[in-house]
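Trainee: I have the sequence and the model open side by side, and I'd like to go through them with you. Can we begin with charges and rings?

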Amino acid sequence: MEYLQRCFHKATDWNEDNKFNNITATSQALLDFPIPNGARLEVSSRATEHSASSLTLSNYQSINGSLAYMYTSVPLKNSTGTKDVSLQDAIAGFRIIEPYHQITKQSRKPRNDKASLVYGRMYFPGSALEAMIIKKISKQTQLLIKCINNPHLKRNGTMIVYLQKNAPRFSQEYIYSTNEALFGFRCLYNFGNDRPATPPLIPKFDNSVVSVGAEFWYAAMSMSPGLSTALRYSTRSTSTGKPLTMTISCNPILGHISSTYNVKTSVASTVCSKYDFNWYSYASNLSIGFELYNFSKPSTIKSNHLRRSDPSIHHENLAPLIHEHQLENSTRDPHHNKIDHTRILNPIPGQHSRSADLYSPLRLRTEQDIKNQTVMTAFQSLVSESNFSSVLKASVSLSDRMLKLLWVGRYKEFLVSSGVKIGVDPVKNVPELGKFGVSFSYAS
């Protein structure tokens, strides 16, 4: 259901990365990823382009599960089942920040300014319920309502209302919760150039965006305030197109400060580090994590495409296929009768080798793309179009002395997740198993 909700945001041109609560989403996906507990099975079905249902069963401590239903007024034509979905879309990972995509790209999609989404879930055994409603008021404004009904909660439940405005330059959120009569306000503002870089690229980094935000909370019943601020710097290398993101967040009331550094080192790997410090207690913690994707086995191409077989590269689908008509009068060396199959994965501007110019990711699909595409967008295309079969995530925390491992892959038409969490007993000082489980997901 989370995947379908992201598809709804894409269909309505809603940028979730432009919100304050997602300013550290990349580090959270690489360090704080959840580990399944016990055995879990999730089966989802999309009856129509507007509706979907999901059934979840789990055996952790006891047999329990949930039944969910979702309806959208917008057809989710961009959603697929687990058989065809890419791991990049199904798994939370590195996010390439594009706060200006609403004004730099002219979308041909129909206007969905009044779109809506209705979601409900019932848990069993028990009588816990949760619901969510998203109603678009305008292109840049929407109303989000979340409700939880649980007899174990105070007053049998709570409701949270969000009024959100999401513009390319800034975002604002007004929040009210019935729990403690909590009032909140979030804001985020982006500084940077909203025009994409064009060759020749002189600086080493471009498309840089600095996002500054803050959130304010006040609980009327307990008369307790809350405050936190954060800054995010996102940029891309002009020579390789690899993106990196740095964040720093601070809670002056609790005396907590946290900084993160995230870089996509290659098409298939990402590294993240996080440092936490409290100036009241002088407690600190260093966390390091990474994710490593595994490429699926290349399939034999029997069409008019060129067969790209390079034994030095373990995956042959890193870049889109090159058609033979794109290579006419430019690919064959006059001194040789065969085509040079050399491919440069990370081209550096200024190299004028014929093979590097031909097989660099700048050479994509059509002649218009060849003229307009930059190294940065080419690298992003490689990431989104690569065919991955599995991903391995790992994170370690030095102060907590905790190690987490998560593997996500495919088995037939299922997405399989298996992970383990290992800690150190503070008394006996020996390793102990915290969590271990496996999850199977199927969606049609």
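Trainee: Over which ring does the charged end of Lys-404 sit?

Mentor: The charged end of Lys-404 is placed over the ring of Phe-33, at 4.6 Å from the centre of that ring. A charge sits over a ring here if NZ of Lys or CZ of Arg is within 6 Å of the ring centre and within 35 degrees of the ring normal. Bear in mind that this is a predicted model, in which local features need pLDDT of at least 70 and side-chain atom pairs count only at pLDDT 80 or more, while totals for chains, interfaces and linings use all residues. Residues are numbered from 1 along each chain as its sequence is written, and side-chain values use heavy atoms, with hydrogens and water left out.

Trainee: And where does Lys-412 lie?

Mentor: Lys-412 lies over the face of Tyr-411, with 5.6 Å to the ring centre.

Trainee: Moving on to ring against ring, how many aromatic pairs are there?

Mentor: The count is nine aromatic pairs, where rings of Phe, Tyr and Trp (its six-membered ring) pair if their centres lie within 6.5 Å, and planes under 30 degrees apart count as stacked, over 60 as edge-to-face and the rest as tilted. One of them joins Tyr-174 and Phe-185, whose centres are 5.1 Å apart with the planes at 45°, so this pair is tilted.

Trainee: Why does that pair tie together parts that are apart in sequence?

Mentor: Because Tyr-174 belongs to strand 8 (residues 170-177) and Phe-185 to strand 9 (residues 182-192), the pair ties together parts that are 11 residues apart in sequence. Helices (H or I, at least four residues) and strands (E, at least two) are DSSP runs, numbered from the N terminus. Tyr-174 is partly exposed at 44% relative accessible area, and Phe-185 is partly exposed too, at 24%; buried means under 20%, exposed over 50% and partly exposed in between (1.4 Å probe, protein chains only).

Trainee: What about Phe-295 and Phe-388?

Mentor: Phe-295 and Phe-388 also make a tilted pair, with 5.0 Å from centre to centre and 35° between the planes. This pair links distant parts of the chain, 93 residues apart, since Phe-295 is in strand 15 (residues 284-295) and Phe-388 in strand 16 (residues 388-397). Both Phe-295 and Phe-388 are buried. Going back to Tyr-174 and Phe-185, ring pairs link these two with Phe-216 into a cluster.

Trainee: Let's switch to the strands: how many bridges join strand 2 to strand 3?

Mentor: Eight bridges join strand 2 (residues 51-58) to strand 3 (residues 64-72), and the two run antiparallel; strands pair if DSSP finds at least two bridges between them. Ala-52 stands opposite Met-70 in strand 3, and the two strands form a hairpin with five residues between them, where Gln-61 in the turn has a positive phi of about 65°. On strand 3 there is also an antiparallel pairing with strand 4 (residues 116-124), over eight bridges, and there Tyr-69 stands opposite Gly-120.

Trainee: Which residues of helix 1 are buried?

Mentor: In helix 1 (residues 2-11) the buried residues are Tyr-3, Leu-4, Cys-7, Phe-8, His-9 and Ala-11. These buried residues pack (heavy atoms within 4.5 Å) against several elements, including strand 2, strand 3 and strand 4.

Trainee: What comes after helix 1?

Mentor: Asp-13 follows helix 1, in the loop between helix 1 and helix 2, and its phi is near 55°, a positive value in a residue other than glycine. Asp-13 counts as partly exposed, at 25% relative accessibility. Ala-181, in the loop between strand 8 and strand 9, likewise has a positive phi, near 50°, but Ala-181 is buried at 15% relative accessible area.

Trainee: Where is the cis peptide bond?

Mentor: The cis peptide bond joins Phe-124 and Pro-125, with omega about -5°, and Pro-125 is in the loop between strand 4 and strand 5. As background, most residues other than glycine have a negative phi, and most peptide bonds are trans.
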